[in-house]
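Hi there,

Here is the structure I promised to pass on. Could you have a look at it alongside my notes below?

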Amino acid sequence: MSVTDVNISQILNCGRASEDEALALASSDLSETLLAAASELRNREHGDIITYSRNVFIPLTNLCRDVCHYCSFATPPSTGQAAYMSMDEVLAVAEAGAKAGCTEILFTLGDKPELRYKTARTQLDQYNQPSTLSYLAEVAERVMQETGLLPHINPGVIGAEDLQLLCQVSASQGLMLESAAERLCHKGGPHYGSPDKDPHARLETIRLAGEHAIPYTSGILVGIGETRKERIESLLRLREMHDRYGHIQEIIIQNFRAKPGTKMSNAPEPSLDEQLWTIAIARLVFGGKMSIQVPPNLHEGIFARFIEAGINDWGGVSPVTPDYVNPEAPWPQLEHLAAGTDSAGKTLVERTAVYPEYIFPEDRWLVPELRNRALAIVDAQGYVRTDPWSPGMSAAPPEIHTSISPSPHKRIDSMSGLLAKAARGNDLDEAEVIQLFNARGSGLNRVREAADQLRQEVNGDTVTYVVNRNINYTNVCYFHCGFCAFSKGKTAEKIRGRAYNLKIEEILQRTQEAKELGATEVCLQGGIHPHYTGETYLQICRAINEAFPDIHIHAFSALEVHQGAKTLGISVRKFLSQLRDAGLHTLPGTAAEVLDDEVRAQICPDKVSTKQWLDIMQAAHEVGLSTTSTIMYGHVDRPWHWARHLLHIRNLQKQTGGFNEFVPLPFIHMEAPIFSKGGIRKGPSFREAVLMHSVARLVLHPFLTNIQTSWTKMGTEGAKICLQSGANDLGGTLMDENISRAAGAQHGEGMSPQEMESLIHSIGRTALQRNTTYGPGAEDIKRHNELG
């Protein structure tokens, strides 16, 4: 039957095939129409990304009570051979995997060998273990604790109690259904004599895994004697389970391979076309969202064909251990796999043993320790951070290739239109901004290049900076922002140094020192001291303005403004007017964090809300006080939160024009209280940090034209890359930077104007000292006067 006899358009409109439509496909041909439909469904959800997991393979035992006719993994015991790998043997392999950059350890073993073999029972007794699964649990926990690898366990057919035991020490588990056809267990079938291959038993284990919310892998084995209709019926049974519990994270479509020494050594292997047909059918059955996986080592060198059929995942690939189930088929080199993926117009991206959608929800799929471990190694999309860089660390940033390779004709190229739209200054919607943030590989380079080209058109080759001093007048604060390592409350008296509260005289002394060093600005911020009122902030402004009328006062976050107005019993607008009259010139746009209340509820629940922050900024602009704008990102936030934040800034800037600059502030995790508690990421990855500058340039154009990079958080080398990715400003010399340093940043407290200019010149740009509002700085005014 031609695939056109089945309504493919209807399947595409619905997102997946109905049961009747799926079964009708059993007599269809492999055709371009079928492949195109599968690819379209995959592309809707996964775009250009094809994933894999870098793992290490542990065959804990090759003993098995089953006798599958095609299996060469399970072998009977040999004299003098141990029934199980010892703890030390497992740890040695695991440590080698960790050194090779693996994040997953895959445990594969035979089903219940102690029920068949005395040698297995004897060794378990020596280990003081009641069962193979209890030993497996002990080994998995030890590996996780000592190497940090996340275990994925294939334990066979097990019950609820053992599933619960193993989910405490594994990020995910798996059991191939292989086939739901009971006749394959009858005499003459490949599963005859193998009680654990009973499809009812296997489906019950998969069901129980769903009931206990365990991220799970399953799939089918192609070519062991099943019919196409039976294959589809097996896929539908798995779909039914997933529809009910949502726990199946991937479906593996694995082809049978005839192996010497097995009963099926002379059985015909499925053709490549049969494998491609099955992959495409699986995609139509499950729809776009499900991850469809094919092992990349069982058909070498034809990666593009599998991608064309609808896969989005290659599964585990080990740089350390062989595929013990298919030892005759070596893993492809990762460089080869990446090149083959790219040739099909896709980007290879590393994932963990557990897929992103199962990592982020709290208290559902992973026990806290495993979730914390997973979050510590992933980025905001849930994919593996492939380098050790974090904001504030002294380590050199990873290399970002600046050349852009031509896009293969098959690559989905919605990016060109999107970048052109941004360059024209048109509004982008949330989905479009998310697409920019999700850019990887050549897409990342295209976003960076577009942002830098726009920077050149708007700002030229000039990089600006300001000579200023940070004055953090108190670190006492009664708010409870989880990311803040600077503030001290009653519960923090003995950590992060002493509490302090500067007197007006000390603030003036520091301002005098700043002026003598050429500063044009003092930036004042601090904790929300319980004894401070709005009058405190007014006194600080009056004192500085009276003593140093030529110093620009850049002070007070939205939270300080909100608190000051509240303590005086007046409106925010009236308090801002009083601050302006007392000498305040501009406000820093801090306390914005991420302008999404879902995020704020987790990291700063008692701080001003998104609406309050925006209202305070708008009021400041309307009374004549311009401000900066910021984002503090890389903790619990996701790309859609960043998109919403940037769109909030753009929309307000279109109304008021009151923002002077946008400053990305990557979260520094090292000393942050919220990181020590777990459930949070290690700041943005370097890719994400650079993208924040690039995407901000594109989204905020043409209304906000200054994008600053923070050298205290990005480091000097990271700042250089950001200046080549859309940023045009290096920020302030600072002199006394305390907040990033308290969080663990290792990039110093200040930078001299000479060091600033040297950094700028090193990338072939012109340095220009500015004032706070991007007018000429003191040195430029001096040069002008000397020339005039």
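A disulfide here is a pair of cysteine sulfur atoms within 2.5 Å. On that basis, the search of the whole structure turned up 0 disulfides. This is a predicted model, where local features need pLDDT of at least 70 and side-chain atom pairs count only at pLDDT 80 or more, while totals for chains, interfaces and linings use all residues. Residues are numbered from 1 along each chain as its sequence is written, and side-chain values use heavy atoms, leaving out hydrogens and water.

Back to the cysteines: the closest cysteine sulfur to that of cysteine 523 belongs to cysteine 541 and lies 12 Å away, too far for a bond. Cysteine 523 is buried at 9% relative accessibility (buried means under 20% relative accessible area, exposed over 50%, partly exposed in between, with a 1.4 Å probe and protein chains only). Cysteine 722 is buried too, at 0%.

Leucine 524 sits in strand E12 (residues 521–525) and is buried, with a relative accessible area of 0%. Beyond its neighbours within four places in sequence, leucine 524 has contacts (heavy atoms within 4.5 Å) that include Ile471, Tyr473, Ile540 and Phe556. Strands are DSSP runs of at least two residues (E) and helices of at least four (H or I), numbered from the N terminus.

Now for a helix pair. The axes of H4 (residues 87–99) and H6 (residues 132–147) come within 10 Å and cross at roughly 40°. Among the residues making this contact are Met87 and Leu91 of H4 and Tyr135 and Arg142 of H6.

Best wishes

Note on methods. Axes are lines fitted to C-alpha atoms, for helices over the stretch in contact, and angles run from 0 to 180 degrees between N-to-C directions.
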